[in-house]
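Here is a short report for a reader meeting this structure. Take a look at the sequence and the model before reading on.

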Amino acid sequence: MPTTVANSRPDLTRSDVGIVKVSTWDVGSPEGQAAAVAAIGKAWLSRDWPDVGLLSYSVYTGEDGRTLLHYSQWRDEEAHRAFAARGRDERNTEIDAAVPGVRRLGLRAYELYRSHVAEGDDRLPGCIALIEVDFDGPDRKRAREWVDTVFDALDGPRGETDGGISAHFHVSADGARALNYAEWVDAASHLAMVNAPAAAGDELPAEWRRVHRFPGLAGSLVRRFTPALSLGAGV
């Protein structure tokens with residue numbers, strides 16, 4: 001069995017990823033966040049890496065002071081089912097004993113559709129902006145078309161920002177949601193980008209208006225997280 005090792009960050013564009021799983025835990029407080037990250041690290045690093053098609057597992061602390069984001073890359077859905085059947089419960093039991101009261105708020109499956117990465121940018125992210133966009137029904141083609149519309153806007157005015165490192169656009173397995181996992185140097189840089197049009201008194205460029213007025217959009221949520229732990233297989 002391969003060993004479990006800590007990495008600086010997951011490789012979001014690796015070609016062998018078939019499915020991504022994203023979930024959130026509520027641990028109640030900043031102290032709970034720190035204790036949960038420590039317990040996750042102990043539970044995973046004390047065991048061999050599960051040789052069932054898990055490619056990476058990363059954890060992030062929420063800006064709200066109570067949530068944890070979990071992002072894992074898998075070879076396929078069957079690999080995830082195999083881990084759930086043998087390996088997940090013993091780790092979660094150990095974590096729950098160390099941090100009582102963890103609330104697991106759901107798990108969603110995604111495929112990575114497109115990535116926007118500046119060539120040669122080797123900065124490490126200090127902030128992950130997670131943008132979840134919901135549509136009024138399942139339609140994978142429509143969700144991908146929305147992502148394509150974003151890429152058109154990224155090539156236009158205000159498409160590049162100093163603090164942005166990369167953006168990785170996912171489409172949910174049911175096609176009802178798109179998710180952008182965006183790496184930023186820090187939270188302040190992301191906030192400055194979000195607030196720039198209003199601060200300048202400017203109207204959004206036409207390309208971005210098409211993004212926000214895309215047919216079928218039902219709502220969106222933006223949350224910011226700080227990278228805490230990224231694990232993978234070692235030799």
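## The model

This is a predicted model. Keep that in mind throughout.

## Helix H1

Helix H1 covers residues 30-45. It has 16 residues. From its first C-alpha to its last, H1 reaches 22 Å, close to the 22 Å expected at 1.5 Å a residue.

Several H1 residues are buried. Gly32, Gln33, Ala36 and Val37 are among them.

## Gln33

Gln33 sits in H1. Its relative accessibility is 7%. Buried means under 20%, so Gln33 counts as buried.

Which residues does Gln33 touch, leaving out those up to four places away in sequence? Val27 is one of them. Thr61, Gly62 and Asp64 are also in contact with Gln33. Gly65, Arg66, Thr67 and Leu68 complete the list.

## Strand E9 and its partners

Strand E9 spans residues 217-233. It pairs with strand E1, residues 4-6, in the antiparallel sense. Three bridges join E1 and E9. Val5 has Gly232 in E9 as its bridge partner.

Strand E3, residues 54-62, also pairs with E9. The sense is antiparallel, over six bridges. Here Tyr60 is bridged to Pro227 in E9.

Strand E6 runs over residues 127-135. E6 and E9 pair in the antiparallel sense over eight bridges. Phe135 stands opposite Leu217 of E9.

How values were computed. Residues are numbered from 1 along each chain as its sequence is written. This is a predicted model: local features need pLDDT of at least 70, side-chain atom pairs count only at pLDDT 80 or more; totals for chains, interfaces and linings use all residues. Side-chain values use heavy atoms; hydrogens and water are left out. Helices (H or I, at least four residues) and strands (E, at least two) are DSSP runs, numbered from the N terminus. Buried means under 20% relative accessible area, exposed over 50%, partly exposed in between (1.4 Å probe, protein chains only). Contact means heavy atoms within 4.5 Å. The expected span of a helix is 1.5 Å times one less than its number of residues. Two strands pair if DSSP finds at least two bridges between them.
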